[in-house]
Amino acid sequence: MQRRKFLRTASAGGGAVVATGLVTGVAAPAIAQSMPELKWRLASSFPKSLDTIYGAGEVFAKYIQEMTDNKFQVRVFASGEIVPGLQVLDAVQNGTVELGHSAGTYYVGKYATLAIDTALPFGTNARQQEAWMKWGGGRELIVDLYKDYNIYPLPCGNTGAQMGGWFRKEIKSVDDMKGLKFRIAGIAGQVCNKLGAVAQQIAGGDIYPALEKGTIDAAEWIGPYDDQKLGFHKIAPYYMYPGWWEGGPQTTAMISLSKWNELPKSYKAVIEAASAYAQNWMLSKYDAENPKALRELVAGGTKLTPFPQPVMEAAFAAATELYTELSAKNPRFKKVYDGWRQFRNEEILWFRVCEGSFDNFMARMSAAGKLDRKSTRLNSSHVSESRMPSSA
């Protein structure tokens, strides 16, 4: 009797678990028969050449299929194959596709608050952003926000802290930002505009031609692993850091809300699990691949250069001013931003005490050459120690 009861229960809601082989003694195909067969399309904002940020969408789709014994199939389309990269949210909203993999910050022209789903300048790092989403009330706020666009969102990737981008001329002062045609997305572009730059939002696959033709003077994307693939170093020699606008930017699986509501609970659980796996997969892959790519770029002549402290401080002041302006005219932005800001501030206090202290110490040991010299120092003939970061 107990075994028959278990089979009935598993058939109703536990098919995803059985299909992955986590439960023994029950035939997966028998339970899979109770699952509906679905074929969905996912539109990505990213080109196929970027195997990590685009690849997270593929990983997401793969795990949905495997955990449902291929009953739930998701086909992934790169930027431009169904819709342009910056129109993925629209495609999900109007029903062109059931799924999208994109970033909320791309759509601040629709609603500025969407940027908080990705990252705000001088905001959280990857771990802090995830903590806010899971434990700081962020998840509920973001889900409510996307309802206006008939979308159910799920965190589905994080790049970690980004680099500051590629520049034809080194940024030595705030004056160098004036008139700079800079490819930079979302609210970060609005901050740069306050410093005198001319921000332009361009999808990842279109950045190189714009930089090559001189349509833009500088461009930021993610970090060494992707930037090397995109070839920015062939045009702009100065690689600046840090990307103060995205300390831990999150990408999002955008699911048609009406389609989501039609799914059985087991499929919803599968999608949640697949997005969580893709989130960790992307972040860990960038962390693993970026060091080697950075070393190769510097060895090839890239000039690794920090933003001067006065530029960082001017950008911080401009960002704070912008958030005040947005909060004054947009009650919803204020509601989400206030909660996020309070959580960020608490996280930074904790990181200052422990996480930051440890990271700073290890950075000093690296700068002093006290770690394994063969694996920690970049080629000193290309970058002097004075130009390297001395702290985390």
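Biologist: How many cavities of 30 Å³ or more does the structure hold?

Modeller: There are three of them in this predicted model. The largest cavity has a volume of about 140 Å³. It is lined by 17 residues, and those closest to its centre are A103, Y106, Q162, I222 and E246.

Biologist: What is its lining like by class?

Modeller: The lining of the largest cavity has eight nonpolar, six polar and three charged residues.

Biologist: And the second largest cavity, which residues line it?

Modeller: Its lining consists of T105, A119, P121, A185, I187, A188, W245 and E246. By class, six are nonpolar, one is polar and one is charged. The volume of the second largest cavity is about 40 Å³.

Biologist: Turning to pockets, how much space lies in the second largest pocket?

Modeller: That pocket holds about 230 Å³ of space. Two or more lining residues come from each of α6 (126-135), β4 (151-158) and α12 (265-299).

Biologist: Which element gives the most to that lining?

Modeller: Helix α12 does, with five residues. The lining of the second largest pocket includes E272, S275 and Q279, and by class it has four nonpolar, four polar and four charged residues.

Biologist: What about the surface, which residues form a nonpolar patch there?

Modeller: F358, F361, M362 and L371 form one, with about 360 Å² of accessible area together. F358 is found in helix α14 (residues 331-367).

Biologist: Is F358 buried or exposed?

Modeller: F358 has a relative accessible area of 53%, which is over 50%, so it counts as exposed.

Methods. Residues are numbered from 1 along each chain as its sequence is written. This is a predicted model: local features need pLDDT of at least 70, side-chain atom pairs count only at pLDDT 80 or more; totals for chains, interfaces and linings use all residues. Side-chain values use heavy atoms; hydrogens and water are left out. On a 1 Å grid over the protein atoms alone, a cavity is a set of points where a 1.4 Å probe fits but cannot get out, and a pocket is an open set with protein on both sides within 12 Å along at least five of seven lines; lining residues have an atom within 4 Å of a point. Grid points are joined across faces, edges and corners, and a volume is the space filled by probe spheres set on the points. Helices (H or I, at least four residues) and strands (E, at least two) are DSSP runs, numbered from the N terminus. Ala, Val, Leu, Ile, Met, Phe, Trp, Tyr, Cys and Pro count as nonpolar, Asp, Glu, Lys and Arg as charged, and the others, Gly among them, as polar. Patches are made of residues with over 30% relative accessible area and no salt bridge: like charges are joined within 9 Å, nonpolar side chains (Val, Leu, Ile, Met, Phe, Trp, Tyr) within 5 Å. Accessible areas come from the Shrake-Rupley method with a 1.4 Å probe; for residues, only the protein chains shown count as cover. A salt bridge is a side-chain nitrogen of Lys or Arg within 4 Å of a carboxyl oxygen of Asp or Glu. Buried means under 20% relative accessible area, exposed over 50%, partly exposed in between (1.4 Å probe, protein chains only).
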